[in-house]
Amino acid sequence: FGAPHLVQGLLSGGVRALQPGLLWPVHAARIETTIDAALQREAEAAVRASMARLLEKNVTAASVVVIDNATGDVLAWVGSPDVFDQGHLGANDGVVALRQPGSALKPFLYALAIESRGFTPSTVLPDVELSVKSGAGVWTPRNYDDKFHGPVRLREALGNSLNVPAAWTVLQVGVEPFLERLRLLGFDSLKQTATYYGPALALGDGEVRLVDLTNGYATLARAGLHKPLRLVRAVTSAEGVRSSFEPGAEARVMPAAPALAMADVLKDKKARMASFGDYSPLDFPYDVAAKTGTSKGFRDNWTVGFTSAVTVGVWVGNFDGSPMREVSGITGAGPIFHAVMDAAMRARHAEPLGFVASDLVKVSVCALSGARASHSCPHGVHELMTRDAADALPTCDWHVALAVDPRNGLRAGPGCGRGQRRYGHRLSSGPRRQRWSRHAG
């Protein structure tokens, strides 16, 4: 009785709409799904193993879906740990349940900012106190650690899943364009207006399905090409007539460069190390681009990511909506994600992810300002971006070389001799960041 939730959904018609054109005779003798039976068993085992570990954290449910990037085939579908567990509502299918995605929507926001606002992974975003007025009052987003980190490059902001830079970014992009992009990606459950969701949509303040979120990440894996899912390969009628279903046609919903940029950031272990540590379930010996998400009140926990071959999505929580205790993407959905991804990649080859287009160049940027590094910048890092973005990149003006009189610590004047000068650098980062600097010490 493998993939019971998918089987039930196909027989009842509840999930047939996921595959365009999926029709079959009333009396079908045989239905051939796209499920990889061996991978399905391993995914189910990974969910059960994690439930035993997470039960003390008030976690009773988890769901998994695996998508083949090339075809859109659904290779594994785990709706719950146990379809017969009535006490924990195991008959519910978490793959298609509506839940809040938390930070898992951020890559789509930053991809849109790269496309529409000229951002790059080195663009500096303000992680300082932010207040947004709306019809419901004043919204003041907070980071997971309840701290402000000042100026942060987009790569760091996404890698460490900082909320305030994402909230600031959606104000630059616009909630309406962001909502339109999510709908193009297949998030059909976001039916309300942009005003209804507001800028909190950037932090997952809307309900989505795991299957849609996972296919959205598969679109990033395909460098911006969206492909409909395929659940059924063929159906044989009672009369012995076999009808096959080909993979759906793909459509470009975003340029390749922003999608490749997101893949490059999401696979970057160094970019997320400040928040996730040196060792985490997101680390693999091959390229995996991954993102976690946790909804407000710790009711939903996600890990979604992809290789060049497959995309894996995991949700963890409770079907009755009760909150989990001390569960993050790393401790909740992360271990299941790691086990399922390893199982899916065991017989597949992982190609490098990220910037592979020929018109992308490597640029040395200041680690703090994100601008082209100057001789005065104490630390530089290399960032990849389009040639146009590199040509438009200004030189860092935050770090300025100056001479200081070591006797009093003041700027050296014309009366100070050469032996009375010490050369150093001054940091000038603008008034908003200076206020943060003083507050942060």
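Me: Quick one on α2 and α11: is their crossing left-handed or right-handed?
Reply: The crossing of α2 and α11 is right-handed. Bear in mind that this is a predicted model.

Me: OK. At what angle do the axes of α2 and α11 cross?
Reply: Roughly 160 degrees, and the axes come within 9 Å. Helix α2 covers residues 37-54, while helix α11 covers residues 333-345. With angles over 145 degrees counting as roughly antiparallel, that makes α2 roughly antiparallel to α11.

Me: Which residues make that contact?
Reply: From α2 you have Leu 39, Glu 42, Ala 43, Ala 46, Val 47, Ser 50 and Arg 53. From α11, the contact is made by Pro 335, Ile 336, Ala 339, Val 340, Ala 343 and Ala 344.

Me: Why do residues three or four places apart in an α-helix point the same way?
Reply: An α-helix has 3.6 residues a turn, so residues with that spacing point the same way.

Me: Now α3 and α6. At what angle do they pack?
Reply: About 115 degrees, with the axes 10 Å apart. That makes α3 roughly perpendicular to α6, and their crossing is right-handed.

Me: Who meets whom there, α3 against α6?
Reply: On the α3 side it's Phe 108, Leu 109, Leu 112 and Glu 115. They meet Pro 177, Phe 178, Arg 181 and Leu 182 in α6. Phe 108 also turns up in a cluster with Phe 187 and Tyr 217, linked by ring pairs.

Me: Speaking of rings, how many aromatic pairs does the structure hold?
Reply: Eight. One of them is Phe 119 with Trp 168, a stacked pair at 6.4 Å centre to centre, with 20 degrees between the planes.

Me: Where do Phe 119 and Trp 168 lie?
Reply: Phe 119 is in the loop between α3 and β5, and Trp 168 is in helix α5, so the pair ties together parts that are 49 residues apart in sequence. Phe 119 is buried too, with a relative accessible area of 11%.

Me: And Tyr 196 with Tyr 197, what sort of pair is that?
Reply: That pair is edge-to-face: 5.2 Å centre to centre and 85 degrees between the planes.

Me: Is Tyr 196 buried or exposed? And what about Tyr 197?
Reply: Tyr 196 counts as exposed, at 57% relative accessibility, whereas Tyr 197 counts as buried, at 9%.

Me: Which charged end sits over the ring of Tyr 279?
Reply: The one on Lys 269, and it is 5.2 Å from the ring centre.

Me: Back to α5. How many of its residues are buried?
Reply: Eight of eleven, so the helix is mostly covered. The buried residues are Asn 163, Val 164, Pro 165, Ala 166, Ala 167, Thr 169, Val 170 and Val 173.

Me: What do those buried residues pack against?
Reply: They pack against α3, β5, β7, β8, α4 and α6.

Me: Last topic, Asp 73. Where does it lie, and is it buried or exposed?
Reply: Asp 73 is in the loop between β2 and β3. At 4% relative accessibility, Asp 73 counts as buried.

Me: What is Asp 73 in contact with, leaving aside its neighbours within four places in sequence?
Reply: Leaving those neighbours aside, Asp 73 is in contact with Thr 34, Val 66, Ile 67, Asp 68, Arg 230 and Arg 233.

Conventions
Residues are numbered from 1 along each chain as its sequence is written. This is a predicted model: local features need pLDDT of at least 70, side-chain atom pairs count only at pLDDT 80 or more; totals for chains, interfaces and linings use all residues. Side-chain values use heavy atoms; hydrogens and water are left out. Rings of Phe, Tyr and Trp (its six-membered ring) pair if their centres lie within 6.5 Å; planes under 30 degrees apart count as stacked, over 60 as edge-to-face and the rest as tilted. Helices (H or I, at least four residues) and strands (E, at least two) are DSSP runs, numbered from the N terminus. Buried means under 20% relative accessible area, exposed over 50%, partly exposed in between (1.4 Å probe, protein chains only). A charge sits over a ring if NZ of Lys or CZ of Arg is within 6 Å of the ring centre and within 35 degrees of the ring normal. Axes are lines fitted to C-alpha atoms, for helices over the stretch in contact, and angles run from 0 to 180 degrees between N-to-C directions. Angles under 35 degrees count as roughly parallel, over 145 as roughly antiparallel, 65 to 115 as roughly perpendicular and the rest as oblique. A crossing is left-handed if the near helix is turned anticlockwise from the far one by less than a right angle, and right-handed if clockwise. Contact means heavy atoms within 4.5 Å.
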